[in-house]
Amino acid sequence: MLARLEIRLKKELFDAEGAGIRKKAREYFGFEVEDIRVIRVLTMEVTLDPSRLEQVRTELFTNPVTEESSYSPMARDFDWLTWIGFRPGVRDTAGSTAVEAIEDLLGIRFGPEEAIYTSKLYEIRGNLDARQVETIAGELLANEIIQQWKVYGRDSWDPENGIGFPVPKVILDHSPRVTPIAIGSDQELRRISRERSLALHDSDVPVIREYFLREDVLEERKAVGLSLPTDVELEYISQARSDHCNHNTFRGLFRYRDVATGYEETIDSLFRTCIEQPTLQVKEKKDWVVSVLWDNAGVGRFDDDHYYVITGETHNSPSNMEAYGGAITGIVGIYRDPMGTGKGSKLILGMYGYCVGPRDYGGELRPLLHPRRLLDGVVEGVRDGGNKSGIPTPYGLLLFDESYIGKCLVYVTALGIMPARIGEESSHEKTTSPGDLIIMCGGRVGKDGIHGVTAASESFSEHTPAGHVQIGDPYTQKKMHDFLLEARDEGLIAFITDNGGGGLSSSIGESARFSNGCRVDLDRVPLKYEGLDQWEIWVSESQERMTVAVRPENLDRFMALSEKHAVESTVIGEYNDSGFLRLDYQGKTCAFVRMDLLKSDFPQWEFDAEWTPPELRGLREPVLQEPRDHGALLRGLLGRPNICARNWIARQYDHEVQGGSVVKPLVGKGRDVPSDAAVVRPILESRRGLAVSQALNPWYSRIDTYDMTAATIDEALRKVLAVGGDPAHVAGVDNFCWPTIQYHPEQNPDGKYKAAQLVRSNWALRDICLAFEIPLLSGKDSMYIDGNLAGPYGERRKVSGLPALLFTACSLVDDITLCVTMDAKTPGDLVYVLGDTRNELGGGEYYQMMGAVGLHAPKVTEESFRVRYEALHGVLREGLAASCHAVARGGLAVHLALVAMAGETGMEVDLEAVPGGTSLTTAQTLYSESCGRFILTVPRDNRRAFEEAFAGQPGAFVGEVTAGGRFRITRGDRETVVSEDVMELKSCWKRPFEDLI
Amino acid sequence: MTHVKALVLTGYGLNCDYETDYSLKLAGAQSHRVHINELIGASRTGSGPALGDFHILVFGGGFSWADDHGAGVVMAAKIRRHLGEEIQRFIEEGRLIIGICNGFQCLVNLGLLPGFDQEYDKRRVALTYNDKGNFIDTWVNLRVEPDSPCVFTRGIETIELPVRHGEGKFYALAPDIARLTENRQIVMRYADREGNPARGRWPLNPNGSLEDIAGICDSTGRVFGLMPHPEAFNHWTNHPDWTRLKAVRNPAGKGFDPHQKGDGIRIFENAVRYVTATFS
């Protein structure tokens with residue numbers, strides 16, 4: 001039986017959602033819509049008698065104070081109606097919670113064929129034509145990848161039947177089938193790989209064939225009824241060998257050559273030489289490094305009783321296609337990594353980093369989603385994912401660059417915390433043992449995300465299958481999170497890992513390496529709907545699932561807790577030490593692969609890396625004469641998209657939940673200027689805190705990715721130190737996003753250069769992390785940030801994103817009450833600049849404003865910086881400074897102004913006093929982006945102690961915080977360079993995005 | 001002396017349970033985090049944590065059932081069906097209930113608030129979508145009604161707390177608002193930094209609440225619901241201006257009690273004090 005319940009706000013109530021859409025219609029398309037009102041629709045496919053339908057309507061789904069509802073169409077006053085619902089198979093969380101609510105209210109159970117589907121109907125009033133309404137439907141409200149829509153005019157509307165009874169049910173009508181794959185020749189297997197989107201790397205094909213043709217292998221397979229490799233097996237191997245899971249690029253062989261000097265070097269694995277070795281080397285000196293380089297996330301010691309867990313990744317490809325769905329899946333997905341680290345940790349913090357095209361992009365290329373819409377969707381996805389998970393999101397970055405219209409970057413970072421010991425065992429250790437049961441917890445398996453991993457490993461084109469876009473479900477995951485923590489504390493979890501890329505194939509495949517074998521009954525895996533092939537069950541990336549190893553004697557208790565938390569858990573197999581990964585379906589074996597196959601000698605990927613230094617690429621310093629009006633220039637700089645206030649994002653992210661907020665994302669008198677770092681107190685009883693910051697500087701990549709990387713790490717480090725982080729305890733996370741580096745004469749003619757950029761970036765990562773003693777607790781790489789975009793003439797143009805490293809720094813704060821924020825506090829305080837300002841404007845904001853790139857990118861001189869950072873830490877611990885701020889993009893002019901704007905105080909600064917400034921022009925001093933610098937304000941009484949702490953270092957008293965609100969920069973006594981009203985500067989800085997809420 | 005026992009509900013997407021539990025402990029209560037199903041199970045089987053063992057029941061913040069069908073709606077339906085009578089008894093016995101954010105939304109959907117004439121099953125008021133249509137995290141200034149019967153706010157005139165919600169706009173029909181006003185049941189209103197009414201001005205009033213209403217109580221003053229989060233101001237370093245206050249008040253940064261509790265704890269202390277006085 002079908003019923004359709006429609007619910008709307010009473011007429012006299014303001015419809016905020018409708019108003020928001022109206023505003024976007026104006027901003028996106030310039031359409032003036034008179035009014036939009038929303039009707040929520042529940043299509044119920046369940047047998048209920050009229051009195052129960054009425055009970056459901058009144059007791060559950062209608063608020064008598066604000067809403068009215070009916071089982072008949074409710075639309076009444078409109079020029080157009082637009083209906084939007086999900087496509088079959090798309091996660092409809094509201095539909096499932098409606099089922100839960102009805103089941104509980106009526107004390108019934110829905111049958112397998114019964115369900116609830118939610119959709120929305122928009123009443124639109126205004127003078128619009130059909131095409132405009134279609135535009136609103138297709139380019140603002142719905143995304144055809146996950147949604148379907150219909151537009152009704154007044155004439156085409158049937159007031160009796162309304163929208164009918166939309167039921168986007170998945171009906172596969174397919175009998176699951178295992179297909180043997182012919183491997184007669186390498187060519188044949190390669191062809192099948194292409195046809196089935198297996199994305200097997202060409203060079204892996206002979207190794208795979210060789211294995212399946214071996215006599216002993218044929219013999220042992222025969223015993224379980226197998227001969228040719230099955231599709232399940234090849235999917236398993238393909239997932240395990242994908243770049244996403246195996247990091248073939250970073251483990252590849254690079255032949256580096258500098259075309260200017262002829263210098264050559266062969267690098268066997270960037271991962272090993274630039275990430276693993278330096279981290280292990282630093283670990284020797286840092287006893288707080290608990291666990292690195294093997295688990296889902298790295299582990300550091302928080303205090304004697306607690307460990308923290310940190311990791312980060314990207315979710316670029318799905319977000320690029322379905323911004324909201326991709327981003328929420330990304331943030332909810334990264335939260336599963338700390339949950340699956342050690343025996344499981346409680347999530348305490350999330351962060352974000354977005355790189356997108358300009359919000360007002362008006363160029364002739366047609367990205368799949370306009371950057372404006374894409375950004376809005378991404379922002380909302382992470383908002384819902386974080387807020388509904390009950391995890392604070394107190395830090396993040398947003399930057400705009402046209403190179404990211406090909407593919408946007410969506411970084412997500414997560415931190416967790418766990419007790420150091422669970423019973424007698426250390427919490428960071430885990431293993432699977434023969435006899436342990438394999439349990440899948442959380443969501444069910446559908447066709448979602450099949451081939452997501454392989455799609456992320458390829459450039460985006462019109463042929464990319466859209467099926468891997470999902471909508472994360474923080475509700476289901478939050479229940480699972482609470483359940484697993486309780487199970488962990490009772491000592492029930494032997495091993496835990498998440499189901500992300502590659503699904504069960506990865507999670508079981510990898511966890512079975514510990515016990516050396518497993519057997520899984522694929523038919524026991526709970527499905528969302530029938531008709532999935534065996535290989536699909538095995539590699540599906542349906543979200544919100546964890547794989548847990550539980551000893552048989554703990555099973556009953558584990559399942560009881562699972563039921564208490566309303567989480568579905570199912571035993572689907574067991575670990576063993578057979579040496580084989582074996583998958584059965586209804587008693588018949590469909591995969592039987594030696595555990596050590598994946599350890600065998602798959603050929604290493606190889607790359608030619610050819611470095612052309614910036615001079616040979618024609619980069620020069622621009623010819624610029626000294627600007628006459630630095631005041632106007634500063635106002636202009638402050639209003640540029642990558643400098644100005646982007647506060648609307650932080651405000652809609654809950655950054656206080658869990659009650660441990662110490663330094664918030666926005667600080668200062670008006671609580672509206674971004675903090676250098678966020679600080680939280682994860683253990684409420686303790687005064688110890690964690691400080692986190694991130695940096696992202698892809699523009700320096702235009703000159704040299706070595707400098708880009710060094711400057712980025714240095715910036716993240718300085719930001720975390722500026723709030724009071726401890727330089728002796730800084731953990732790093734490296735997240736690379738890079739365009740394709742495999743050379744191809746037509747498709748990727750500059751591949752060798754991009755490969756050399758990657759090598760140089762890794763060298764900097766190694767050098768700087770060693771110098772600052774930063775172990776890389778975690779890291780991921782996301783290659784292929786290219787897109788082939790439609791142009792106006794039917795052509796497609798390749799757009800590659802600027803190579804980017806997001807670097808996360810996480811530091812310990814011994815006593816949070818000693819933290820400082822970046823805002824100037826009190827008139828009369830002295831202003832200091834620490835660190836030399838040098839002629840380093842290349843790749844910077846000022847040059848970009850002048851239409852130039854330049855040549856001199858900022859350099860990191862590690863040893864001198866390190867001494868300074870340690871001295872700074874001492875000063876902050878002593879409480880000598882009232883504020884501290886790391887100088888970053890835009891240089892001293894922008895960052896001195898930010899300190900004053902945050903404090904809403906005046907400031908007087910003499911450029912002659914700036915360390916290094918005497919040999920530079922005024923513009924160079926003001927806008928250089930030299931690394932290693934801080935701005936501090938210091939109470940007069942602390943002057944002597946403060947200066948003693950920095951004796952012998954480039955650091956100087958440059959001016960003071962003033963009352964009256966004038967921001968004044970002079971050059972000696974003679975010359976006033978800038979004299980602006982601080983609040984006027986602030987409004988220039990806030991204006992560009994102030995309409996965004 | 002009575003041990004004041006508090007129960008903080010958990011599960012189904014609720015999420016402020018740890019810090020609420022911590023805040024109650026700071027205030028002197030013995031606090032326990034209890035899953036909704038555990039409480040329902042105990043009510044059914046008679047074994048496990050029973051509501052009657054506690055003095056203070058907390059409906060905390062979060063996104064129960066993902067808030068998909070109106071914030072707090074599904075949770076209210078579940079609680080009404082399984083624990084409705086017990087909660088009624090709990091109130092009759094003079095015990096305390098506080099609903100924070102999602103918990104407040106749940107209390108109004110249960111009809112425990114406004115509880116005119118101690119009728120605890122009528123939905124008369126609503127917390128609906130913020131006028132700006134979006135989730136907002138911001139600190140607000142609150143003015144407390146001095147003559148309110150609310151036991152949680154005694155001795156508090158103004159307080160600063162964070163709000164974090166997308167559905168916090170208080171709405172009711174004019175006669176009900178008048179009745180709330182008359183009964184002094186409007187416990188907290190959004191205000192400016194000087195304590196003057198926000199008069200609907202955003203972001204002082206962050207959601208467009210009628211009459212700047214941020215929290216109300218029932219006619220007994222023992223059932224209290226509010227959108228702001230007192231548990232998130234459990235330590236003085238939670239306050240957005242603490243680094244400024246510290247620098248301005250004491251440039252040397254010394255002389256601050258590092259253990260100083262946040263003002264939000266006062267609300268829980270009032271509850272503990274009330275229980276101690278009433279149940280001893």
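**Entry 1: the A–B contact**

I began with the contact between the two chains of this predicted model, and I found that 61 residues of chain A and 60 residues of chain B take part in the contact, two residues being in contact if their C-beta atoms, placed from the backbone, lie within 7 Å. Sorted by class, the side of chain A that touches chain B holds 24 nonpolar, 17 polar and 20 charged residues, where Ala, Val, Leu, Ile, Met, Phe, Trp, Tyr, Cys and Pro count as nonpolar, Asp, Glu, Lys and Arg as charged, and the others, Gly among them, as polar.

**Entry 2: conventions**

I noted that residues are numbered from 1 along each chain as its sequence is written, with chains lettered from A and ligands numbered from 1 in the order in which they are written. Local features need pLDDT of at least 70 and side-chain atom pairs count only at pLDDT 80 or more, while totals for chains, interfaces and linings use all residues.

**Entry 3: chain A as a whole**

I looked up the confidence of chain A and found an average pLDDT of 95, with 98% of the residues scoring at least 70; pLDDT is the predictor's confidence in each residue, from 0 to 100. Over residues 460-466 of chain A the pLDDT is below 50, and this stretch has 11 contacts in the model beyond near neighbours in sequence. Chain A has 28 helices and 41 strands. Its radius of gyration, taken over C-alpha atoms, is 29 Å, close to the 30 Å that the globule rule gives for 997 residues, so chain A is as compact as a globular protein of that length; the rule is 2.2 Å times the number of residues to the power 0.38. I also recorded that 57% of the 997 residues of chain A count as buried, that is, 20 or more other C-beta atoms lie within 10 Å of their own, against 12 or fewer for exposed and in between for partly exposed, with C-beta atoms placed from the backbone.

**Entry 4: domains of chain A**

I found chain A divided into domain 1 (2-153), domain 2 (174-261 + 430-602) and domain 3 (821-997), with bounds that come from an automatic or database domain assignment. The C-alpha centres of domain 1 and domain 2 of chain A lie 38 Å apart, and their contact takes 7 residues from domain 1 and 8 residues from domain 2.

**Entry 5: Tyr927(A)**

I then turned to Tyr927(A), which is found in helix α26 (residues 922-927) of chain A and counts as buried because it has 28 C-beta neighbours inside 10 Å. Leaving aside residues up to four places away in sequence, Tyr927(A) touches Leu841(A), Gly844(A), Tyr846(A), Gly890(A), Gly891(A) and Ala893(A). Tyr927(A) and Val894(A) are 33 residues apart in sequence and 7.7 Å apart in space, C-alpha to C-alpha.

**Entry 6: chain B**

Methods:
Helices (H or I, at least four residues) and strands (E, at least two) are DSSP runs, numbered from the N terminus.
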